[in-house]
Structure formats: structure tokens, C-alpha cells
Amino acid sequence: MTESQSTCQSIGIVAPQTAHFEEVLSLRSGARLDGYELVFETYGTLNAARSNAVLVCHALSGSHHVAGRHAGEKEDSGWWNNLVGPGKPLDTGKFFVIGVNNLGGCHGSTGPRSINPATECPWGADFPFITVEDWVDAQARLADKLGIESFAAAIGGSLGGMQALSWTLQYPERVRHAAVIASAPKLTAQNIAFNEVARQAILTDPDFHDGHFYVHGTVPERGLRLARMVGHITYLSDDAMGEKFGRSLRHGKAAYSYDAEFEIESYLRYQGDRFSRQFDANTYLLTTRALDYYDPALSHAGDLTAALAAARAGFLVVAFTTDWRFSPERSREIVYALAHNGRDVAYAEIDCAAGHDSFLLDDPQYHAVLAAWFGRIEV
Amino acid sequence: MPAYRYDYDVIAQWIEHGEKVLDLGCGDGGLLSHLIETRQVRGYGVENDPEKILVCLKNGINVIQADMDRGLTGFDDGFFDHVIMSLSLQAMHNTQGILAEMLRVGREAVVSFPNFGYWRHRQSILNGRMPVSRSLPYEWFNTPNVRFFTIDDFEALCAQSGIVIHKRLAFDDGRVIVDDPNFLASVAVYRLGRH
């Protein structure tokens, strides 16, 4: 084993666990879940003081599988594998890292695919609406179960960043630091508009059957595929797309057809197809709705500074210059609102060409920022 | 740009215990660390150099990455007790804009800059070469400085812009200069306010 491998390794083979919750979870919509399961993974070791836990919150298409690989897989498949592991910026030699599949998800936690005990059929469209705040409540119960009174940090990108931020407002005494990456204090109208196009693609797919496609034995793959294609366009920057695909034709010349002529079409179709086979349409709907609804300032007459007054954590906010879906301006709103509350906050704006997707990549400055920030956290 | 310790000490004298302070062009966070240690301030820094951002993070400084030439629009009026710009004003394009912004978000501004009218600088120009000195450590071809002005120039701008000079201290290599600072001082430090 070389020096570099020994200092920066993969977490290796990991296995998901399942936590069962019997107590009722009251949701912001007014609905309630009488019991549920959360699937999660952990990396590293919880120290004796139980003070080194870091919660990783996932975004729209993420899951509990943050780092490493599952038995039988040849390569690491965790969605934030480049960030989490021994010697990596979120160093599992120091921290006990937890990834959890959110309620309403489709990777094992209770969601629309699960059986509704009242009907003994899959929930489908009847699965209650879940908000960012509900997710945080459910995550807090998982923390209770794991004996974690307070997290050293909560971290997330995009929708995951909203959860990390919400943690500091809902449970200010239970999270000492928060990293809010490529995120926003609320979506813009344009952002909600993109979500609506994605939802309409799913809702109007004849195979969707008003969300009860499981009992019809269908999958609204066309809708999901379109939803993902639209999403993908917004996650990349114009420059990144131009650089990666340009106007390259797949066959070198025009074939005068509506098949995938340009490389970008081929890429979008591939991404859409892959996603539509893996992801659940109802989870996509409820997750985009959670994004739309998130607005902690709403109950403070739109005053974000007032909304963030409850926070006690030390913050790191990171944005990417080419991210137009969650632009740096949105991140700065969070930064200034925290500063106006006198909170500890650092803000880095990373010059990375990849658009919103940058938060999943390993840009050297981005990872150096995270390593420096996590390095200061005392456990 | 390497800041002199006497610059820090002068600035610290003007800062009260527990103030809210913003340091523009905070570099590695050295001045903020000094003010946090000696005045227990609640301090924030603005910096745009990725390397310096990393050093600030390692030092636990509340650093905000931003281009100061684009203003401080995110901060509320009068939020800070003092807004400091230590040896960076000469590197700003929008001199008047940044001074106005400093006095918008801060009750007072503290500004220090190298005096281009310093006699050694004048001597260098008379000898036909652009000055290179402890206060102007760069060559003309690699300097980050974009505005070249003297103590008298700066005070004329303050008068013209309605900026009140509460206090000025001028130095030559750490020694206080009282007489003819525009000729004898290499660095000046100002405490500024609004009318």
C-alpha cells in the first residue's frame, strides 16, 4: 500500500441498517405516520463521549448510501464517496458519519412504495406530504435511537443543505456546526417552475395512474425520464454542457431523424433512462414539493434574519460560481442573515465550471475548504 | 500584502471591547485574530483570495468570500461598529464606492494605506523608477495596487465626499510622524465617520 492510499482510503464494504419507530410522527401537513422505518448507514466509530457524529443529509436523488460499496459491488458507489472516508475531508478516522434515507424515499425507508397498514396496499399517492422539517424530526429520532445527543455537524448539498440549515433552527442545541452547500433559504419562482415541469411529466404519464401504479403493475418511466432530463439540464452550467458535449453529432453528420442525433441528447436520454428504472415517481413528486415548500422565513414575515435567530451552530456556507439552479446569491442570503444574528459563519464561493452538480465533485479548493472547516471542529 | 504590527495596534486602540467589526481584505485573518484576542470583538472578514480563505478557515475566522469592488450590499445599514480596511484601499478600483459602503454598514470606518507621497517614493520617481519600499513592496509589473494616492489626495477626497476625519496617525517604519506627514510618512491610518 502506498503512502497516499494509506492516508486517503475508501471506507470499503458497508451494510445498511434499519431503524423501526413505533411512536407517531406528526407531520407539518397535519397528517401523521403511526410508525415507520428509516434505512441508514454509518461510517467510522462513535467515540465514548458520543460527540463526533456527523449527519449527512441527502438531496433529491441521494440516499443513505453516502460512501463505500455494498457487498458484491466492485467499485465504491456511495454518492459522496469522494468526501467521506479515512483521510478524506469528512474524515471517518475522526468522525462518526451517518447517512439516512429520508422518509418518503425509495431506498428502503418508509415511503410511497411501502404498505399502508390501513389499506394493506402500497401507499402510492396517499403517502402523506413530507416537509424538510418533518425529515429533520425523523432524523432526530434516529439520533435518539443511536444515543447521539448532539451532532458535531450536519452537512448537506442542495435540498440536503436545507435540512442541515433546518436542523440548526429546529434543534439548535443538538447540532454544533452546519455545512450548507449549494443550497438556498427558499426556492425562487423559476426553481419551482422547473420542479413543476418535472412533476407534470410524471403526473400526465398514463402509466402513473394517479400515483397508484404499483397495483396496476406499471411504472411511469416516461414521466420520470422527462423529469430527470429537465433536472439534469438545470444541474449543469451552459459552459460545462458546451465543453462536455458541444454540438457533437453521434454519427458525425446529420441523419435527419428524431433519434438522439447530438451527444447531449444521447446523454440526457441515458441519464433519464437509468433514473427512471431506479427511482420512484411518488418519491420524486413529494421530494420536489418539499423543496418548493421550504421557506423558514415565511413564518417570520419573510425576514430571514429573524428566522435564523434561533440557530446556535457555527456555519460553513459554500456556493459554486456556475450554479444557476442554486446560485451564489441565494447562499449569500443565508450568510448575511447569520452574520446579522452574530453567528459564526464562513462563506466560500468556489470557481467550478460544473454548475449545481459541482457539490458532488471533488474540486480541489472545494474539498480543501471542507477539510479546513471540518479540521477545526472539536469532538 | 504584509500588514505591519503597528498598524494593528493603532487600529486596536480605536476598537472598544465587544464591538462588531468587519475587516475588508482580511487576508489570513491576522488583524481579526488580534482584535478578537485583545478586544473580544465579534469579527467578520471579507476576502476573495482562495488561498487566504483556506488560511482563515484553518484559523477559525468568520471569512466571507466576496469581491469588495462589488460592494457590501448584503450587510444592513449601520450593522458594524467599525469597518476596517487595512492597507487594501489602494487595491480597490471603486474607491469612492467602497468608502461609502464602509460608512453605510459601519458606524465608523478605519482605513490605512501606503502614502505614495512619502519622500523616498518621490525620490525614486525623481530618479526615474517606480517606488519599491516596505510599504510598497511590489514591482510595477506585479503590484495588486491600482490606485496611487497621497495623504493629501485622500484628505481632499474625504472633504469632497463628506467624510469626516476623526483621527489620523501617520508613520514612517513604525515611528509616529507629526510634522508634514504627506512628505515624511510611509503609511497613514484614519478613523473616519459620516457627517
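Chain B contains 7 helices and 8 strands. Its radius of gyration is 16 Å, close to the 16 Å that the globule rule gives for 195 residues, so chain B is as compact as a globular protein of that length. The model is predicted.

**Chain B overall**

- The C-alpha trace of chain B spans about 45 × 40 × 30 Å along its principal axes.
- Of the 195 residues in chain B, 52% are buried.
- Contacts between residues at least 6 apart in the sequence of chain B join residues at least 24 apart in 66% of cases.

**Nonpolar cores**

- In soluble globular proteins, nonpolar side chains tend to be buried together.
- The largest nonpolar core in the model has 158 residues.
- The residues with the most contacts inside this core are Leu90(A), Ile155(A), Ile181(A) and Phe374(A) from chain A, along with Leu22(B), Leu24(B) and Phe154(B) from chain B.
- Helix H2 of chain A (residues 132–145) gives the largest share of this core, 7 residues.
- Leaving aside neighbours within four places in sequence, Leu90(A) is in contact with Val54(A), Val56(A), Leu83(A), Val84(A), Gly85(A), Phe95(A), Val97(A), Ile155(A) and Phe374(A). Two of these partners, Ile155(A) and Phe374(A), are also listed with Leu90(A) among the residues with the most contacts inside the core.
- A second, separate core has 14 residues, including Ala198(A), Phe213(A), Tyr235(A) and Phe275(A).

**Positive phi in chain A**

- Most residues other than glycine have a negative phi.
- Arg50(A), which is not a glycine, has a positive phi near 55°. Arg50(A) lies in the loop between strand E4 (36–43) and strand E5 (53–57) of chain A.
- The relative accessible area of Arg50(A) is 41%; because this falls between the 20% and 50% cut-offs, Arg50(A) counts as partly exposed.
- Ala182(A), also not a glycine, has a positive phi of about 45°. The loop that holds Ala182(A) runs between strand E12 (177–181) and helix H4 (189–203) of chain A.
- Ala182(A) has a relative accessible area of 0%, which is under 20%, so Ala182(A) is buried.

Notes:
Residues numbered from 1 in each chain as written. Chains lettered and ligands numbered in written order. Predicted model: local features only at pLDDT ≥ 70, side-chain atom pairs only at ≥ 80, totals over all residues. Heavy atoms only, no water. Helix = DSSP H or I, 4+ residues; strand = E, 2+ residues; numbered from the N terminus. Rg over C-alpha atoms; globule rule 2.2 N^0.38 Å. Buried < 20%, exposed > 50% of the residue type's maximum accessible area, 1.4 Å probe, protein only. Contact = heavy atoms within 4.5 Å. Core = buried A, V, L, I, M, F, W, Y, C linked by side-chain atoms within 4.5 Å.
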